[in-house]
Amino acid sequence: MVKNEKEWQEEISFNDFCNVGSSKRIYYKEYVDSGIPFYRSKEIIMKSQGKEISECLYISKEKFEEIKSKYGIPQKGDILLTAVGTCGIPYLVNEKDYFYFKDGNLIWLKDIKKDVANNEFILYWLKSSIAKNKIENITIGSVQKALTIDAIKKIKIKLPPLEEQKKIASVLSSLDDKIELNNRMNKILEEMAQTIFKEWFVNFNFPSEDGKPYKDSGGKMIESELGAIPEGWKVYKFENFLTHSTERILNIDAPIYSATNNGICLRDDKFNKNLSKDNSKNKKVLKDYLLFGLSREILNFGLMTDEIGSVSPVYEIFKINKNICIPYIIEKEIRINMRRYMNILKPASREGQSISRDLLLRKSIALPDIKIQNKLMKTINSIETYIKFNQIENQKLDSIRDTLLPKLMSGEIKIK
């Protein structure tokens with residue numbers, strides 16, 4: 001890459017190379033239970049982050065086809081820009097997309113002139129600090145931030161020659177493609193780990209001594225209070241391998257964690273106050289400790305994976321006896337059977353009471369010999385090593401892209 005000193009044209013307005021507008025209004029009474037996805041800002045932000053959308057609004061196929069024939073729908077290469085709340089997040093529509101969107105929530109950049117601007121280049125420009133600064137200067141509203149169509153039309157951008165736009169977009173998209181590939185690979189690896197766990201500990205098809213799946217190859221099953229389990233397995237109550245911990249976090253500044261649907265997570269900065277002083281009531285939680293929220297407001301659990309942290313006093317903390325159960329295995333077993341374990345606890349929470357710790361400790365689980373658990377963990381650890389490698393590579397690729405982006409978009413550097 002070399003210095004770019006010429007060839008960048010004077011600034012032009014968005015209105016000069018694309019049609020800036022929005023959608024036709026859809027009214028509340030036109031929403032249906034299922035049909036064509038109808039996106040708002042939050043769904044487009046999720047799509048821009050590569051996340052799957054599990055819940056959204058819908059409009060009927062008939063309404064969608066009517067709009068499509070009269071006014072058009074988002075097409076491949078169009079760009080949607082969030083215009084309410086978190087403003088200025090762009091999403092490039094692809095050929096698989098099939099949706100409509102809420103007016104006022106999103107601004108629609110379409111009919112981009114192919115002889116003037118490259119769609120992907122415009123997308124990356126909108127992600128750059130240059131664009132973010134311009135957009136911040138034109139947002140309105142103090143409580144609820146908003147962008148207007150007229151303001152976006154007037155935003156000015158410097159465009160290099162079209163071929164250079166394509167080269168810049170190609171460099172940046174290649175980095176994003178590799179990040180996306182790593183994310184897809186990690187998702188497959190995570191699914192593999194879960195499948196292996198279920199086969200071993202739910203379907204009881206762990207490898208027998210001759211390497212065959214235990215239950216499917218006729219391995220002996222015995223009756224227990226939990227039903228049929230493999231011979232050699234034992235039924236334990238939680239109290240047999242969980243030791244309750246009430247240790248407070250004193251004289252240490254430790255990050256604050258909480259239990260979520262995704263496990264143990266650091267709390268948001270706005271909640272992460274310095275509470276780990278002499279008078280703190282916060283509890284200490286260490287790596288591989290099991291954390292349960294058993295109040296009506298916090299009915300969840302997770303396994304601590306970081307070295308040390310602190311949690312609110314409402315949480316119950318347990319140390320796991322590793323001679324009986326490997327922490328990963330108990331965490332996965334509970335997560336797979338979340339409903340089975342938690343449903344028995346919910347009635348008490350509906351009464352507005354904290355759930356009895358004794359009730360939790362009386363729950364039962366079937367476990368094999370620790371040698372079988374270790375054999376599983378050897379396989380799982382090899383999978384997690386690949387996942388970690390991809391995560392580290394993505395962090396590096398993120399850094400490279402974020403460093404290049406403003407320099408390429410300003411013309412500071414040029415691709416040979």
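These are my notebook entries on a few spots I looked up in this structure, which is a predicted model.

**Aromatic pairs**

I started with the rings and got a count of 17 aromatic pairs. I opened Tyr28 and Tyr31, which pair edge-to-face at 5.7 Å centre to centre, with 70 degrees between the planes. Tyr28 comes out exposed, at 72% relative accessibility.

Next I went to Phe204 and Trp233, another edge-to-face pair, with 5.2 Å between centres and 85 degrees between planes. Which parts does this pair tie together? Phe204 sits in the loop between H6 and S12, while Trp233 sits in the loop between strand S13 (227-230) and strand S14 (234-237), so the pair links parts that lie 29 residues apart in sequence. Both partners are under cover: Trp233 is buried at 5% relative accessibility, and Phe204 is buried at 11%.

**Positive phi**

While on Phe204 I looked at its backbone. Its phi is positive, about 60 degrees, although Phe204 is not a glycine. I noted that its loop runs between H6 and strand S12 (221-224).

Asp111 went into my notes as well, with a positive phi near 55 degrees in a residue other than glycine. I placed Asp111 in the loop between strand S10 (106-110) and helix H3 (119-127). Is Asp111 buried or exposed? Its relative accessible area is 55%, so I wrote it down as exposed. Phe204, by contrast, is buried.

**Helix H3**

How many of the residues of H3 are buried? I got 7 of 9, so I noted the helix as mostly covered, given that buried means under 20% relative accessible area. The buried ones are Asn119, Phe121, Ile122, Leu123, Tyr124, Trp125 and Leu126.

**Ser13**

I then picked Ser13, which I found in strand S2 (residues 12-13). Its relative accessible area is 12%, so Ser13 is buried. What does the Ser13 side chain make a polar contact with? I found the side chain of Lys156, at 3.3 Å. I listed its other contacts too, leaving aside neighbours within four places in sequence: Lys153, Lys154 and Ile155 turn up along with Lys156.

My last stop was the surface. Met185, Ile188 and Met192 make a nonpolar surface patch of about 260 Å². I traced Ile188 to helix H6 (residues 162-201). At 44% relative accessibility, Ile188 counts as partly exposed. I jotted down a reminder about spacing here: an α-helix has 3.6 residues a turn, so residues three or four places apart point the same way.

How values were computed:
Residues are numbered from 1 along each chain as its sequence is written. This is a predicted model: local features need pLDDT of at least 70, side-chain atom pairs count only at pLDDT 80 or more; totals for chains, interfaces and linings use all residues. Side-chain values use heavy atoms; hydrogens and water are left out. Patches are made of residues with over 30% relative accessible area and no salt bridge: like charges are joined within 9 Å, nonpolar side chains (Val, Leu, Ile, Met, Phe, Trp, Tyr) within 5 Å. Accessible areas come from the Shrake-Rupley method with a 1.4 Å probe; for residues, only the protein chains shown count as cover. A salt bridge is a side-chain nitrogen of Lys or Arg within 4 Å of a carboxyl oxygen of Asp or Glu. Helices (H or I, at least four residues) and strands (E, at least two) are DSSP runs, numbered from the N terminus. Buried means under 20% relative accessible area, exposed over 50%, partly exposed in between (1.4 Å probe, protein chains only). A polar contact is a pair of N or O atoms within 3.5 Å; within protein, one must be able to donate a hydrogen and the other to accept it, and residues adjacent in sequence count only if both atoms are side-chain atoms. Contact means heavy atoms within 4.5 Å. Rings of Phe, Tyr and Trp (its six-membered ring) pair if their centres lie within 6.5 Å; planes under 30 degrees apart count as stacked, over 60 as edge-to-face and the rest as tilted.
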